[in-house]
Amino acid sequence: MSLFFSRFIVICTVVSGGSVAFAGDPSPFDKQQEAISLMRVKGHDLRMWESIAGVYCELELFEPGPEELAAVADLPRLVELEIHSGKLTQASVRQMGKLSDLTRLSLEDCQFPEGNLAFLKHLTSLERLYFSRCNFEGASLSELGSLNRLYYVRISDCVLEDSGNLVFPAEMQRLSRLYVYDTFVNQWSFQQLVGSSYLTSLKFQGAKITDEYLRHAAPGENLERLRVYHKISHTAGERFKQSFPQVRFYY
């Protein structure tokens, strides 16, 4: 075979033959249409709208299987996602980590792969984060990294690691509001949260906060509101108000 003919075959392989190797791969548009169809067929709540910037969507998944969880990254600009009773695998969280337009994420009754929450740090547009009836044992919210748009976190009826250890990364300066419902928080975590330099509003309800927690807590420079609805005596509450009049304290 001549050298010219050999080179000709190589060029054809690159220009057209490459399409032979990948002929079966769907285009991004095809993947998008398949993902939309899948969500519709499975009965999930998919809402879509169009703006000048393009097509956006919101999605609510109910007991999703691996196929639906893997397809979320193929949807048009997903900005809000709710997952109810989902078993997240390493493969599905890798797909969720691609959701760079996601602003709101709600996880209810979800299982995390080997307690891993690190995938959340890739959601760089995230502003609001909700957890309900999730088990964080073996995982920590300190894995969130620097999500510089996240300003609101709500944790409801969850099990935290290390008997109520609730820790956020020190560099998360945009986070201003944290609400904790029916979730045990240990005394050290409570003191760290109350004394953080970035939180402006904290609410604990059914979190088993006692007078002892409050006695050793000192508010951070930006804390404006503190609500504690559990086992706080009138004496302890009024003492805290007198010591820190700059904080609106409700109990």
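I began with the secondary structure and found eight helices and 10 strands in the protein. Helices (H or I, at least four residues) and strands (E, at least two) are DSSP runs, numbered from the N terminus. The radius of gyration is 24 Å, well over the 18 Å that the globule rule gives for 251 residues, so the protein is more spread out than a compact globule. This radius is taken over C-alpha atoms, and the globule rule is 2.2 Å times the number of residues to the power 0.38.

I noted that this is a predicted model: local features need pLDDT of at least 70, side-chain atom pairs count only at pLDDT 80 or more, and totals for chains, interfaces and linings use all residues. Residues are numbered from 1 along each chain as its sequence is written, and side-chain values use heavy atoms, with hydrogens and water left out.

Next I looked up the overall box. The C-alpha atoms fill roughly 95 × 40 × 40 Å along the principal axes.

I checked two strand pairs. Strand 7 (residues 177-181) and strand 8 run parallel, joined by five bridges, and Leu178 has Leu202 of strand 8 as its bridge partner. Strand 9 (residues 225-229) pairs with strand 10 in the parallel sense over three bridges, with Phe249 as the bridge partner of Leu226.

Buried means under 20% relative accessible area, exposed over 50%, partly exposed in between (1.4 Å probe, protein chains only). Of the 251 residues, 47% count as buried.

Last, I looked at the core. A nonpolar core is a set of buried Ala, Val, Leu, Ile, Met, Phe, Trp, Tyr and Cys residues joined through side-chain atoms within 4.5 Å. The largest has 69 residues, of which Phe131, Phe168, Phe204 and Leu226 touch the most other members. Helix 2 gives the most to this core, with four residues.

Technical notes. Two strands pair if DSSP finds at least two bridges between them.
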